[in-house]
Amino acid sequence: MKTKQNNFLINAPMHVFVIIVAIIWIFPTVGLLITSFRPSADVASSGWWTVLAHPFNFTQFTLSNYRDVITNIGIGRAFVNTLIITIPACTLPIIIASFAAYAFAWMEFWGRRFFFILFVGLLVVPLQMTLIPILRIFNQLGLSGSFVGIWFAHAGYGLPLVIYLMYNYISGLPSEMFESSTIDGATPFQIFKSIVLPLSIPAIASITIFQFIWVWNDLLVALVYLGGTPDVAPLTVRISALVGSYGQNWELLTAAAFVSMALPLIIFLSLQRYFVRGIMAGSIKG
Amino acid sequence: MLKKFSLFFVSICLLCLITMPVHAQESVTVMGVWTGAEADAFLKMVEPFEEETGIKVEFTGTRDLPAILNTRVQAGNPPDVAAMPNPGQMASFASQGRLVPLANFMDRETLLTQYSDAWLQLGSYDGQLYSIFISADLKSMVWYNPKAFAAAGYEVPSTWDELMVLSDKMLADGNTPWAIGLESGAASGWPGTDWIEDIMLRIAPPETYDAWVNHEIAWTNETVMEAFEIFGKIAKSNEYVYGGPNAVLTIPFGDSADALFTDPPNAYMHRQATFIKGFILEHFPDLVPGEDFDFFPFPAIKEEYGTPALGAADMLAMFNDTPEARAFMEYVASAKAQEIWVAELGKLAPNKKVDPMVYPDDITRKAADFLGEASVFRFDGSDLMPAAVGSGSFWTGILDYVSGEPLRNVLMQIEASALDAYRD
């Protein structure tokens, strides 16, 4: 009992610090959420914190921003487009990166170290620098304005980081496993399929989150390679077009932010347990 | 697990291929800076065109137009028709040979029956017409609340001296004359550049303004300095402007006019272009244009230069010479198209054949008259300058100046970036 109390006292400053940091982090989001429920005239005339004076006076809240965003023509199509872009643009780099990371970590071949450094070195190349040359190549291949093109683009931009993270995880797996499987006569692909991949599920899960959010929130890559016509435009393009060119109707953005956040939030909150279980399973088996 | 996964992946790919758009129909791709209500107005304008010709207009509106357009043009994948962010950008595309000369299919004589020569000049590069103006905004306007003016016994000033006398009278009454807001995200500072430009046109002949825009005179020139000082006398003052310089720096420009309509008014005057009407009506839907708010021309400072009109305009140019794009350009040049476009947005039409009755209210008609009668019209200078200055150091210079940096330093910084930017 006494030690517990001591522990609590020792940890208390830490807890206070973490809570303060959490509050600071969440503060702007709360402001955004409250603003998204306020009528535009109120938004223009007073700050969101003024509602806290009478938090239960529901007449100061409205759903009209959400209604305007959701009923905006083409938003449904944009949602489907975003899914069409995001799912392959997430799976593609992760499949490639798993193969690559396994090869870099456990297979002997000429120039392994060099190629690994080359790939990871690509992390420092700014995306904006590649837009014009890649768009030129896409034009020649007829890929600009097509979903296939943007899958490749996102896969390419994501690969360096994804390979690096996967490499870190896979190279940490115990080498005895690989040795004994090789002795038992397993081919590299069999090792990859039945040992590396199942063990890497937790890493894949967390890297998927990175890649998913990056692609889901992307505006620039989509605008450049895909264009903004309604049949291909993703959510981000539609949402940025809700606001007038002088910034009118920006209060719609607050609601739109939560609409576009909804799916990632649902996915990750509902899969959270699975991610944690994956990490535990990996640690015990390893 | 792996099988299921790959099956899932393949089916997604198939689904995507099926839903892939097919471009069988004749179409013209258009890229513009218009989003929100402006994009809706644009689509409304092209509706009759689509019905008449069967050509589909595929419109992309993005506020990042300069960057996206430049990327797509350099990569050889430009839209058929695009709005030019400013005449400077138009000239640079034209000089690279990217634009299609409109003389290929449009007759200058016919255009002259609809456009004044000045508009055609502004859309030309090296004597060749490349772009068509579809609307204009007037900037030299001071907005005020006639009821608040009447209640306090204030008269609309017609000269700068009268304006300053009025301002001091307001101060004596315990009121604040001006409302200014410079915040505009990454573009913060631009409302201040309009002030400087308007003042420049009123303290020096238009030739000096042109020389300044083309960087034939330095930023440290006396006239430029005087213009900044006149602006600073108001914007940097704690009394003349609502909230003092701190508020000037932080209030979003779209919200700054709100100060005129509080009770009692937080401020009495606001210098801004025609489009601010949209913000006012959005924030205060019950106000009646012409009764609850109105404008007077930004007054003459030196009598000999009068009240020139400063403005901006929307222009379209053509990158791909297709029959659909030609038909589209001819349509947007027509009075019929512009009547729809300007009526929706309360902008002013460059086409002379546009019926003044399409303007939504007397304020807009008054602005159209002012624009039509002004002896001197000048394009927004910051739009004409190279981007590094006009949408870079000039904006930040305004912010630095208002936040208290010495004028000489500010102007020397702008001058340094200008020396670099005008070189090529």
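Mentor: Before we divide anything, note that domain bounds come from an automatic or database domain assignment, and that this is a predicted model.

Trainee: Into which domains is chain A divided, and what distance separates their centres?

Mentor: The assignment divides chain A into domain 1, covering 2-62, and domain 2, covering 68-285. Taken over C-alpha atoms, the centres of domain 1 of chain A and domain 2 of chain A are separated by 32 Å.

Trainee: Which element gives the largest share of the side of domain 1 of chain A that touches domain 2 of chain A?

Mentor: Counting residues whose C-beta atoms, placed from the backbone, lie within 7 Å, the contact takes six residues from domain 1 of chain A and five residues from domain 2 of chain A. On the domain 1 side, the elements that give two or more residues are α1 (2-36) and α2 (40-45) of chain A. By class, that side has three nonpolar, three polar and no charged residues. The largest share, four residues, comes from α1(A).

Trainee: Turning to the two chains, how many residues does the contact take from chain B and from chain A, and which element gives the largest share of the chain B side?

Mentor: The contact takes 37 residues from chain B and 35 residues from chain A. Among the elements that give two or more residues to the chain B side are α1 (2-19), α2 (36-53) and β2 (56-61) of chain B. The largest share of that side, six residues, comes from α1(B).

How values were computed
Residues numbered from 1 in each chain as written. Chains lettered and ligands numbered in written order. Predicted model: local features only at pLDDT ≥ 70, side-chain atom pairs only at ≥ 80, totals over all residues. Nonpolar A, V, L, I, M, F, W, Y, C, P; charged D, E, K, R; others polar.
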